Amino acid sequence: MGKKNRQTAPGEERMQKVVSLCKRRGYVFQSSEIYGGLNSCWDYGPLGVELKNNIKRNWWKEMVHSREDVVGLDSSVLMHPDIWQASGHVDGFTDPMVDCKKCRRRFRDDDFEGDSCPVCGGEMTEPRQFNLMFKTFMGPLEDQASVVFLRPETAQGIYVNFLNVQTSSRKKVPFGIAQIGKAFRNEITPGNFIFRMREFEQMEMQYFIKPDTGPEWLEYWMERRMAWYVAQGVRADRLHFHEHGPDDLAHYARAAFDIEYDFPFGRKELEGIHDRTDFDLSRHQEHSGKKLTYIDPAANERFIPHIVETSAGVDRSLLTILVDAYEEEELEKDTRVVLHLSPKLAPIKAAIFPLVKRDGMPEIAKGIKDDLTGRGMPVFYDEGGAVGRRYRRQDEAGTPFGITVDSDTLTDQTVTVRDRDSMEQERVAIDALHGYLLERIERWTPAG
Ligand code: GAP
């Protein structure tokens with residue numbers, strides 16, 4: 001083969017390359033770009049929205065559809081403001097901030113070193129607590145009684161629906177409720193592209209259990225969640241567990257582990273898995289005045305269920321998957337940029353090219369495209385430019401297969417199928433193509 005070796009650009013440069021590929025190929029754009037952008041908000045382009053949907057679909061399949069003991073929920077972003085009092089977010093969801101008295105710039109106290117403003121040298125205020133929840137008003141009056149918050153996590157929507165879901169689905173403890181949805185945090189130091197955003201999406205599952213079974217369920221879910229990332233094609237040696245010590249343990253948790261990934265900007269949290277004890281349902285029982293207990297039918301015991309939570313970010317998963325898949329390969333004559341996405345996640349499964357725009361090749365290629373699309377496979381037709389360049393565009397987009405209609409096709413009804421990762425080519429009969437692609441998508445494993 002023409003491949004010489006594989007190399008990856010280090011740290012920041014590598015991150016910049018991923019960001020520019022995202023814009024060039026239509027994965028992620030800056031929000032409100034033509035107005036100069038809106039800090040830490042991002043939009044997903046034609047390929048980005050497909051990848052994001054595929055990630056969410058794979059998570060839902062794993063966490064809900066393939067299990068008897070987990071059901072789904074879609075609760076609203078706006079909820080009763082007392083919920084955030086009960087959860088501890090009104091009082092506790094804060095970061096200490098310092099302000100410059102001269103230029104009025106604000107910094108997170110943790111990120112700040114020295115006594116004076118790093119921008120203008122002005123004097124700084126004492127640290128003050130800054131709440132990360134976005135506030136708005138419900139109804140026509142903008143007064144204290146109309147304040148509502150944009151949810152900073154999807155979890156609370158699950159806790160307050162615990163009884164609704166449990167009684168309507170007739171689930172017995174242990175069982176889980178899963179939800180995917182938007183969350184909003186007025187982050188002070190957002191950044192690193194879509195790593196820390198002010199508007200983002202979470203995939204959370206709250207597993208309701210008998211008191212004091214937390215440690216065993218925590219271990220179970222840690223293993224399942226780690227395996228999920230590996231199944232999405234993320235390299236196992238770049239994934240790690242980090243246990244929270246007494247200093248960084250959240251107020252609601254008895255034990256907590258993060259799944260971390262080696263991003264180009266350092267090892268950072270990708271997902272949190274927490275043993276939350278009975279904190280959540282006890283607090284909502286206390287603040288709402290409604291009993292949130294469960295009666296175990298076998299033992300005839302009444303208790304407030306404990307909770308083990310798995311809390312992942314959709315955007316952070318997408319960033320991990322893109323960064324992990326990005327590679328620059330040095331070939332004999334040039335280099336190519338390729339996204340080694342798992343075919344199950346790839347936005348486009350195959351690109352179809354007529355070798356030239358004559359001799360009926362475009363018609364045959366379009367027929368193949370229509371046939372595969374009709375069977376529910378997202379594919380892409382491209383007849384523009386040299387076929388080598390068309391392959392490279394698809395390598396960058398992460399499309400796993402390139403199908404070329406050439407002069408042999410006219411006589412033997414076969415096409416060339418090029419593998420994105422190995423660049424090897426095989427001839428496949430047109431009428432066997434759909435089954436062939438499905439089988440290749442199913443049995444794909446990362447090149448290592
Ligand atoms: N219910 C628990 C909870 O929300 P968290 O550790 O604050 O826990 C869970 O958040 C996950 O949500 C994180 O691991 C991350 O993937 C994602 N996340 C949190 N804040 C984010 C932000 N500002 N931008 C993007 N993703 C974020």
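# Notebook: chain overview and local geometry

I began with burial: of the 448 residues in the protein chain, 51% are buried (buried means under 20% relative accessible area, exposed over 50%, partly exposed in between, with a 1.4 Å probe and protein chains only). I note that this is a predicted model, where local features need pLDDT of at least 70, side-chain atom pairs count only at pLDDT 80 or more, and totals for chains, interfaces and linings use all residues. Residues are numbered from 1 along each chain as its sequence is written, and side-chain values use heavy atoms, with hydrogens and water left out.

**Entry: whole chain.** I looked up the secondary structure and found 13 helices and 24 strands in the protein chain. Helices (H or I, at least four residues) and strands (E, at least two) are DSSP runs, numbered from the N terminus. The C-alpha trace spans about 75 × 70 × 45 Å along its principal axes. I read off an accessible surface of about 21,500 Å², with 49% of it belonging to carbon and sulfur atoms (Shrake-Rupley method, 1.4 Å probe; for residues, only the protein chains shown count as cover). For contacts (heavy atoms within 4.5 Å) between residues at least 6 apart in sequence, 64% join residues at least 24 apart.

**Entry: α2 against α9.** I checked the helix pair α2 (residues 46-65) and α9 (residues 314-325), whose axes come within 10 Å and cross at roughly 110 degrees. That makes α2 roughly perpendicular to α9. Angles under 35 degrees count as roughly parallel, over 145 as roughly antiparallel, 65 to 115 as roughly perpendicular and the rest as oblique. The axes are lines fitted to C-alpha atoms, for helices over the stretch in contact, and angles run from 0 to 180 degrees between N-to-C directions. On the α2 side I listed Gly48, Leu51, Lys52, Ile55 and Lys56; they meet Val314, Asp315, Ser317, Leu318, Ile321 and Leu322 in α9. The residues of this contact divide into six nonpolar, two polar and three charged (Ala, Val, Leu, Ile, Met, Phe, Trp, Tyr, Cys and Pro count as nonpolar, Asp, Glu, Lys and Arg as charged, and the others, Gly among them, as polar).

**Entry: sheet β6-β5-β7.** I found three strands in an open sheet, ordered β6-β5-β7, with antiparallel pairing; two strands pair if DSSP finds at least two bridges between them. β6 (106-108) and β7 (128-131) are at the edges with a single partner strand each, so one side of each has no neighbour in the sheet. The twist averages 50 degrees from one strand to the next. Between β5 (residues 94-99) and β7 I found four bridges, the strands running antiparallel. Met97 has Arg128 in β7 as its bridge partner. I then looked at Arg104, in the loop between β5 and β6. Arg104 is not a glycine, yet its phi is positive at about 70 degrees. Its relative accessibility is 65%, so Arg104 counts as exposed.

**Entry: hairpin β18-β19.** β18 and β19 form a hairpin with three residues between them. Five bridges join β18 (residues 326-331) to β19, and the two run antiparallel. Glu329 has Arg336 in β19 as its bridge partner. I checked cover on β19 (residues 335-339) and found four of its five residues buried.

Entry: In β20 (residues 350-354) five of the five residues are buried, so the strand is largely enclosed by the rest of the structure. In a regular strand the side chains alternate between the two faces of the sheet. I sorted β20 by direction: Ala350, Ile352 and Pro354 point one way, Ala351 and Phe353 the other way, and all are buried. Three bridges join β20 to β21 (residues 379-381), with the strands parallel. Ala351 stands opposite Phe380 in β21.

**Entry: backbone items.** I looked up the peptide bond from Val173 to Pro174, which is cis with omega near 5 degrees. Pro174 is in the loop between α6 (162-169) and β10 (175-184). I also noted Asp212, a residue other than glycine with a positive phi near 65 degrees. Asp212 lies in the loop between β11 (199-209) and α7 (214-231), and is exposed with a relative accessible area of 55%.

**Entry: α11 and its end.** In α11 (residues 387-397) I listed Arg390, Tyr391, Gln394, Asp395, Glu396 and Ala397 as buried.
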